[in-house]
Amino acid sequence: MTKKRVLSGIQPTSDSFHLGNYLGALKQWVELQSGNDAFYCIVDLHALTGDIDPALLRKRTLSSAAQLIALGISPEKSTLFVQSHVAEHNQLGWIMECIAGFGEANRMTQFKDKSAKGGADTARVGLFTYPMLQAADILLYQADQVPVGEDQRQHIELTRDLAIRFNTKFGDTFKIPEGYILKSGSKIYDLQEPTNKMSKSAGSVAGVLEVMDTPEANTKKIKSATTDAGREVTFDEKGKPGISNLLTIHSALSGKSVSELENEFAGKGYGDFKGAVAEVVVEYLRPIRTQALELLQDEAHLIKVLHDGADKARAVASATLAQTYKNLGLVL
Ligand code: AMP
Ligand code: TRP
């Protein structure tokens, strides 16, 4: 059986990934390396759609790479690279912009949400065309599966629509990708406001568990997480969003099922339970943080690893782009 091609991307927009990124997306990246041909991309060009701080962008791109490797993305088992190192992304991105309709781009909820925040007039054009660049990221690699969190479902649908439209009009060019979206445990909520998703932009820092945070900081955040009325540690997303979120986190990292945990903490208070969650989280993240910090000590080596990844990626991307240009009638 031929291996399935997997592709995903993540923006280098924060100093540290958080537990929502890990449990909602990156954990699947790690799992999908086995038995598949996986391409993982740090989408620095997408990050330009937010505020641009050159020194921070550089730092965060390298830090993202170090964290991904520490979280288990192996540059030997998969192709790990930086989007701007492979120029074909911009090139196919333009083609996708010429295939997509203004109306369908305008329906993207991520654009609507993000542009609404600063006022639609100040939103930049790149934020609007973001999904077409994302479609290019995926289609260049003829990906079968795209592991992402639930919030990316609409972008994957758009990618499929664009690929089908292109293939129908210009001949078979792109594989039609499938989203690979983890259902249970895929959404992690803010510790302080457990009805909002854990996110760097939305929540307060106190509600976000970061991979690069010190063990002490994360322990403190968990111990001061918002809990709910009542005393029983039971899973009830509506009635007890805070405790349910902590149960999801514990279960995802310890491998124990939620019902096992409910039994284990029956008759114990929230305090005991939070202590246990803190220990599970801290021990899970400790070696990851240590390795990421080590990798960042040798920047030249880390960049070399990323360049090697880009060489492997470009070999695939350039073949797809050439076929696309040919089918469009561009003279090669
Ligand atoms: P972001 O940094 O928000 O662009 O997210 C990067 C990836 O992590 C995306 O695939 C998201 O779907 C996923 N993700 C972000 N926050 C969460 C969360 N709180 N729960 C689950 N997945 C998340
Ligand atoms: N838009 C994605 C996010 O916000 C990041 C992304 C860019 C991506 N290109 C991609 C995800 C290609 C999957 C495939 O999380």
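Visitor: Which of the 13 residues around ligand 2 come nearest?
Guide: A residue is taken to be near a molecule or strand if one of its heavy atoms lies within 4 Å of it. Around ligand 2 there are 13 residues, and those that come nearest are Gly9, Tyr130, Gln134, Asp137 and Gln152.

Visitor: What kind of model is this?
Guide: Residues are numbered from 1 along each chain as its sequence is written, chains are lettered from A and ligands numbered from 1 in the order in which they are written, and side-chain values use heavy atoms, with hydrogens and water left out. Local features need pLDDT of at least 70, side-chain atom pairs count only at pLDDT 80 or more, and totals for chains, interfaces and linings use all residues, this being a predicted model.

Visitor: How far is a nitrogen atom of ligand 2 from an N or O atom in the side chain of Asp137?
Guide: A polar contact is a pair of N or O atoms within 3.5 Å; within protein, one must be able to donate a hydrogen and the other to accept it, and residues adjacent in sequence count only if both atoms are side-chain atoms. A polar side-chain atom of Tyr130 lies 2.7 Å from a nitrogen atom of ligand 2, and an N or O atom in the side chain of Gln134 is 2.9 Å from a nitrogen atom of the ligand. For the side chain of Asp137, the separation from a ligand nitrogen is 2.6 Å.

Visitor: What part of the accessible area that ligand 2 has on its own does the protein cover?
Guide: Accessible areas come from the Shrake-Rupley method with a 1.4 Å probe, and for residues only the protein chains shown count as cover. On its own, ligand 2 has 360 Å² of accessible area, of which the protein covers 90%.

Visitor: Which element gives the largest share of the shell around ligand 2?
Guide: Helices (H or I, at least four residues) and strands (E, at least two) are DSSP runs, numbered from the N terminus. Two or more residues of the shell come from each of strand E1 (4-10) and helix H7 (125-139). The largest share, four residues, belongs to H7.

Visitor: Is E1 mostly covered or mostly uncovered, and how many of its seven residues are buried?
Guide: Buried means under 20% relative accessible area, exposed over 50%, and partly exposed in between (1.4 Å probe, protein chains only). E1 is mostly covered, and the number of its seven residues that are buried is five.

Visitor: What handedness does the β-α-β unit of E1, helix H1 and E2 have?
Guide: Two strands pair if DSSP finds at least two bridges between them, and E1 pairs with strand E2 (residues 36-42) in the parallel sense over seven bridges, with Lys4 standing opposite Asn36 in E2. A crossover is right-handed if, with the strands pointing away from the viewer, the path from the first strand over the helix to the second runs clockwise. The β-α-β unit made by E1, helix H1 (residues 19-32) and E2 is right-handed.

Visitor: Which residue in E3 is the bridge partner of Phe39?
Guide: E2 and E3 pair in the parallel sense over four bridges. Both faces of E3 are covered, with Leu80 and Val82 buried on one side and Thr79 and Phe81 on the other. The bridge partner of Phe39 in E3 is Thr79.

Visitor: What is the phi of Gln142, in degrees?
Guide: Gln142 lies in the loop between H7 and strand E4 (145-147), and it counts as partly exposed because its relative accessible area is 23%. Most residues other than glycine have a negative phi. Gln142 is not a glycine, yet its phi is positive, at about 55 degrees.

Visitor: How far apart in space are Leu302 and Leu62, C-alpha to C-alpha?
Guide: Leu302 sits in helix H13 (residues 299-328) and counts as buried because its relative accessibility is 1%. Leu302 and Leu62 are 240 residues apart in sequence, while their C-alpha separation in space is 7.6 Å.
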